[in-house]
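Me: Hi! Could you walk me through this one? I'd like the overall picture, then some local details.

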Amino acid sequence: MEDIQSKLIRLRNELHEHNRLYYIEDAPIISDFEFDALLRELQDLENRYPEFYDSNSPTQRVGGGVTKNFNTIAHRYPMYSLSNTYTKEELVQWEERIKKILGEEAEVSYTCELKFDGASISLTYEQGRLIQALTRGDGVQGDAITANVKTINTVPLQLKGDYPEFFEIRGEIILPWEGFHKMNEKRAAEGEPLYSNPRNTASGSLKLQDSRLVAERPLSCFLYALAGEQLPISSQFEALQKAREWGFKVPDSARLVHSLEGVFEFIDHWEEMRQELPYEIDGIVIKVNALSQQQELGFTAKAPRWAIAFKYQAEAVATVLEGVTYQVGRTGSVTPVAQLKPVLISGTIVKRASLHNADQIAKLALRIGDAVFVEKGGEIIPKITGVDSTSRGRIENKVEFITHCPECHSELERIDGEAQHYCVNQSGCPPQQIGKIQHFISRKAMDIEGLGGETVGLLYHEGILSNLSDLYRLEKEQLLPLERMAEKSVNNLLEGIKKSKEKPFSKVLFGLGIRFVGETVAKRLANSFGSIEALQNATLEDLIAEDDIGERIAQSIVNYFGQEENNKLIEDLKSFGLQLEQIKLIKKVNSAFEGKRFVVSGVFEKYSREDIKSEIESLGGIIASSVSSKTDFLLAGEGMGPSKKAKAEALKITILSEQDYTSLKGE
Ligand code: AMP
Ligand code: ZN
């Protein structure tokens, strides 16, 4: 029989390969379900045999380690930057400089690549295993962010094929548009200020201390350069092909061309097509293809002579800064917004641009009346990229970030280490209150039919609605006199509010709008704590002990329940009959299940493990996590741990197969 260690190695290799097929080749050969089952089997084995721990196991993708300070480590080969060009003219001059060194007769081919806009990374592989990941840093030394990089699915942890013993590979960690937008949708739902662009979000993600959080970010990694001694390649284009063979993600957009003409075609093609790419690029990179020629050309102090970037001009337009206004979000975050003299950019009229925060204003040293450059890249909100120094506003019109809330006039606060200012007058600040009610009724929260965001604003300003619980105090007579409130819509609205009392606890919890408590976290909290009282009584430690709840979330929950007005609100909601505890639905208690203790192990064909557990509970059974003399049934799925089985046999506990289980239910 296969011993444990060989089995572990086999499983790990299979999973590495399936991971590659899925993330690199985009051509999976097993279902997600099968993949998860294999992964769980591996995880189970690893839990039971910690002596065979492997830091590069596919189970390590979920992260786990927390790094307080990233070590700074010297690059074995410096990471250079690239010289930039903006015109084809400059490329002709570049080729002339090259030919001066290589000789007029030299035949030069070029590899043309996209210039991915993310964070550069250097990966070290030894015997096919990823052993280190360094940021570019200052080019001479960078930060070791290995644990974080291991969570990125497109970074292979184990290579395949004829890779060299030891080498480095450079690339870019990027955040594709889709993932970026998803992250921002989530931020919006949580009432947090949005991320400004994928590049900053990618590099910010890499510096998170908790690698589990990095694992949740939809990052990707594209590779474009090899470094090392005696590599089995003689050109850049070959390097890309080889890297692809070894299991790296190398986009197939790269082209080998034999003249500047070919380079220009590549530039023109992507000038137009880059809008269609699922990720952002900020130009293209042209590299002399032959490594022998690269060696002859060498480096300047800053950049290789054999490579150059061609940057596309982002469409920037000059206009005038007419003023700055401030928006207060549901959580009290204050975002400055530039009011611009309207201009046409990429086909749309732009009147406003985000200024993000106080630092941004200070950096630009803005004055009202300044001529500013506004850019609209991709689908992001337009941004101000600079000030025209020849056309400044008057010095006395310097923009100073406000000190008090524009809506409720209370003093703003800024938490150390955060860029955002907050209005902390949660209960008395109109946009925060309106925003909170709008969030509460929104589709993903209480989903109250017949009531929309605008009506909430209207009712608030009429003085009928001043916080969440007022929703449940609304009377027909108050609403009928209002504009656009016919009898029918009033009835619908009241009916919708009444129905919302049946919404499950997790939705109510999400609807409360506690900072950082999004949909998923709310579900998790509802399941683990079971009731609002349990949450009100939970300490920081209790909360952190829960999977997926980090310090930031935990602290925010403790703060929330530390405020009297919030507890008052909850009392009110309770008195109106909202669901403030998790209901365990006992469908119909089945006598074969009632009071019986079940241990569930392995994977099942027709159920997920979670589903089967909740079914058992709904039939009156009790779920236990380990086998003991008190266990009545061990429900054994595929790949169940042999030690559990042995223990159950020794204790003479009934072992049920999936089929036995179905018959036990009486089906
Ligand atoms: P810059 O930061 O403007 O000096 O440009 C150099 C950076 O471009 C490198 O450090 C890489 O992070 C990035 N880059 C993106 N795509 C490529 C590519 N295909 N080849 C080389 N560098 C690239
Ligand atoms: Zn305020």
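Reply: Happy to. This is a predicted model, and the secondary structure of the protein chain comes to 24 helices and 22 strands.

Me: What does the C-alpha trace span along its principal axes?

Reply: The C-alpha trace of the protein chain spans about 90 × 80 × 40 Å along those axes.

Me: And how much of the protein chain is buried?

Reply: Of the 667 residues in the protein chain, 47% are buried.

Me: Let's go to the metal. Which residues are the protein donors of the zinc ion (ligand 2)?

Reply: Four cysteines, each through SG: Cys405, Cys408, Cys423 and Cys429. These donors lie 2.2 to 2.4 Å from the zinc ion.

Me: What geometry does the site of the zinc ion have?

Reply: The site is tetrahedral, with angles of 99 to 113° among the 4 donor atoms. For reference, the ideal angle for four tetrahedral donors is 109.5 degrees.

Me: How are the donors of the zinc ion spaced along the chain?

Reply: They follow C-x2-C-x14-C-x5-C. Cys405 and Cys429 are 24 residues apart, and this pair links distant parts of the chain. Cys405 is in the loop between strand E16 (383-387) and strand E17 (412-414), while Cys429 is in the loop between strand E18 (421-423) and helix H12 (430-441).

Me: Cys405 and Cys429, buried or exposed?

Reply: Cys405 counts as buried because its relative accessibility is 1%. Cys429 is buried too, with a relative accessible area of 0%.

Me: Changing topic: how much space lies in the second largest pocket?

Reply: About 1,200 Å³. The second largest pocket has 42 lining residues, and those nearest its centre are Arg170, Ala225, Phe299, Pro304 and Trp306.

Me: Now some single residues. Where does Thr135 lie, and what's within reach of its side chain?

Reply: Thr135 lies in strand E5, residues 129-135. A polar atom of the Thr135 side chain lies 2.9 Å from the backbone nitrogen of Asp143. Thr135 has a relative accessible area of 12%, so it is buried.

Me: I also want to check backbone torsions. Which residues have a positive phi without being a glycine?

Reply: Asp447 and Arg484 are two of them: phi is about 45° for Asp447 and near 60° for Arg484. Asp447 is in the loop between H12 and helix H13 (453-461), and Arg484 is in the loop between helix H14 (476-479) and helix H15 (487-499).

Me: How accessible are Asp447 and Arg484?

Reply: Asp447 counts as partly exposed, at 36% relative accessibility. Arg484 is at 70%, so it counts as exposed.

Me: Last one: where is Asp660, and how far is it from Ala636?

Reply: Asp660 lies in helix H24, residues 658-665. Asp660 and Ala636 are 24 residues apart in sequence and 9.8 Å apart in space, C-alpha to C-alpha. With 34% relative accessibility, Asp660 counts as partly exposed.

Definitions and conventions:
Residues are numbered from 1 along each chain as its sequence is written. Chains are lettered from A and ligands numbered from 1 in the order in which they are written. Side-chain values use heavy atoms; hydrogens and water are left out. Donors are N, O and S atoms within 2.8 Å of the metal (3.2 Å for Na, K and Ca); water is not among the atoms, so sites may look incomplete. Four donors count as tetrahedral if all angles lie between 85 and 135 degrees; four count as square planar and six as octahedral if opposite donors are over 155 degrees apart and all others between 65 and 115; anything else is irregular. Helices (H or I, at least four residues) and strands (E, at least two) are DSSP runs, numbered from the N terminus. Buried means under 20% relative accessible area, exposed over 50%, partly exposed in between (1.4 Å probe, protein chains only). On a 1 Å grid over the protein atoms alone, a cavity is a set of points where a 1.4 Å probe fits but cannot get out, and a pocket is an open set with protein on both sides within 12 Å along at least five of seven lines; lining residues have an atom within 4 Å of a point. Grid points are joined across faces, edges and corners, and a volume is the space filled by probe spheres set on the points. A polar contact is a pair of N or O atoms within 3.5 Å; within protein, one must be able to donate a hydrogen and the other to accept it, and residues adjacent in sequence count only if both atoms are side-chain atoms.
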